[in-house]
Amino acid sequence: MSAAADKLRVAVFDSELAARGPGLMLRDIRRSSPKSRSAAALIAKIKPDIILVLGVDYDHDLQGLAALQQAIAERGHTLPVRFALPTNRGNQSGIDLNGDGWSTGAEDAFGFGHFFGQGSMAILSRWTVSRDGVKDFSHLLWKDLPGARLPFVDGRPFPSEAAQSVQRLSSGGHWIVPIETPAGDLQMLTLDATPPVFDGEEDRNGLRNADELRLWQHVLNGGFGGVTNEQFILLGNANQDIQKGEGQKGALRALLNHPRLQDPHPVSRLRGDITADWPDPTPGDMRVDYILPSSAFTVLDKGVAWPEGEETSRHALIWVDLAM
């Protein structure tokens, strides 16, 4: 493993490599654009055994992800296994989902995106993914989540009953991905929630963000088939800070305090637990990216690492070392 046979380093990084059109991320990585160069250098520096990379464009053959793999390898760290599924980003619904009277905009996709796959997520790993054991909750309808809180205005479904009948819960994706490590099977639970902003009085994004977090509470409590392994890690971008900004804090607090999880709370020496640096005054600096190992693990070390360069992601990479 990363330093010893009984240690595992897991990381999450919202790379913000998503481009403005299909295939452009692949082009940018191959051209070694400043942002892609910075992202690859940071991942190679931290040397994770497994990393969830957010903000990457999905393509059918995973060519963009393969280019990122190569860029990381050229900087001295090899992650030979790549895994990604189609997410809801940019997957058009054909229905007006935001109430603006149009049905072909980025907000009318099941998850925000100007084209299919824009700003999705992927896993890079030193070890094999057990594809037969993968669970993908991305097609779960929002209304089918137990206790779902869908938006209403003046007592009516917003924007329409038809929209709510097809609206998926996941703005990105919710996956359970088993990985065959030398110390046994490990399940990765991925999260890429919608920002709880960019909406109106109906609070559709705030409600959706909270229910995306609540999905994992249901799974941890045995719902939707549950988690079958005691060695698992929930990680990703909750797009919420427990103390600052918008969003329903109760849903995040319940997840952070879930008895099957632990919060290592990685920090950096200069910036504390901040993981996203957005322009002030709104939303400002926040902790929105999380790695929450199951209570079966012992945390050995942890950290927050910021990308370097003139053009970089606004997110930090966070990492945790675990005893297997």
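The legends below describe close-up views of salt bridges, cavities and a sheet in a predicted model.

Residue numbers start from 1 along each chain as its sequence is written, and side-chain values use heavy atoms, with hydrogens and water left out. Because the model is predicted, local features need pLDDT of at least 70 and side-chain atom pairs count only at pLDDT 80 or more, whereas totals for chains, interfaces and linings use all residues.

**View 1. The salt bridge between Glu 16 and Arg 314.** In this pair, which belongs to a structure holding 15 salt bridges (a side-chain nitrogen of Lys or Arg within 4 Å of a carboxyl oxygen of Asp or Glu), the closest N and O atoms are 2.7 Å apart. Glu 16 sits in the loop between strand S1 (7-14) and helix H1 (24-30), and Arg 314 in the loop between strand S14 (298-305) and strand S15 (317-323), so the contact ties together parts that are 298 residues apart in sequence. Helices (H or I, at least four residues) and strands (E, at least two) are DSSP runs, numbered from the N terminus. Glu 16 is buried, with a relative accessible area of 16%, while Arg 314 is partly exposed at 40%; here buried means under 20% relative accessible area, exposed over 50%, and partly exposed in between (1.4 Å probe, protein chains only).

**View 2. Further salt bridges, including that of Arg 27 with Asp 28.** The side chains of Arg 27 and Asp 28 meet at 2.8 Å, N to O, and both residues count as partly exposed, Arg 27 with 35% relative accessibility and Asp 28 with 23%.

**View 3. The largest cavity, with a volume of about 50 Å³.** The structure holds 2 cavities of 30 Å³ or more, a cavity being a set of points, on a 1 Å grid over the protein atoms alone, where a 1.4 Å probe fits but cannot get out, with lining residues having an atom within 4 Å of a point. Grid points are joined across faces, edges and corners, and a volume is the space filled by probe spheres set on the points. Among the residues lining the largest cavity are Val 56, Asp 57, Tyr 58, Asp 59 and Met 121, and helix H3 (63-73) and strand S4 (120-125) are the elements that give two or more residues to this lining. The lining divides into 7 nonpolar, 1 polar and 2 charged residues, where Ala, Val, Leu, Ile, Met, Phe, Trp, Tyr, Cys and Pro count as nonpolar, Asp, Glu, Lys and Arg as charged, and the others, Gly among them, as polar.

**View 4. The second largest cavity, with a volume of about 40 Å³.** Its lining includes Leu 191, Gly 236, Leu 252 and Tyr 290, and two or more residues come from each of strand S10 (232-237), helix H6 (249-256) and strand S13 (289-293). S10 gives the largest share, 3 residues, and by class the lining has 8 nonpolar, 1 polar and no charged residues.

**View 5. An open sheet of 5 strands with mixed pairing.** The strand order is S5-S8-S9-S10-S13, two strands being paired if DSSP finds at least two bridges between them, and strand S5 (135-136) and S13 are the edge strands, each pairing on one side only. Strand S8 (residues 175-181) and strand S9 (residues 184-192) pair in the antiparallel sense over 6 bridges, and Pro 178 has Gln 187 in S9 as its bridge partner.

Terms used: 1 Å grid on protein atoms, 1.4 Å probe; cavity = no way out; pocket = protein on both sides within 12 Å on 5 of 7 lines; lining within 4 Å.
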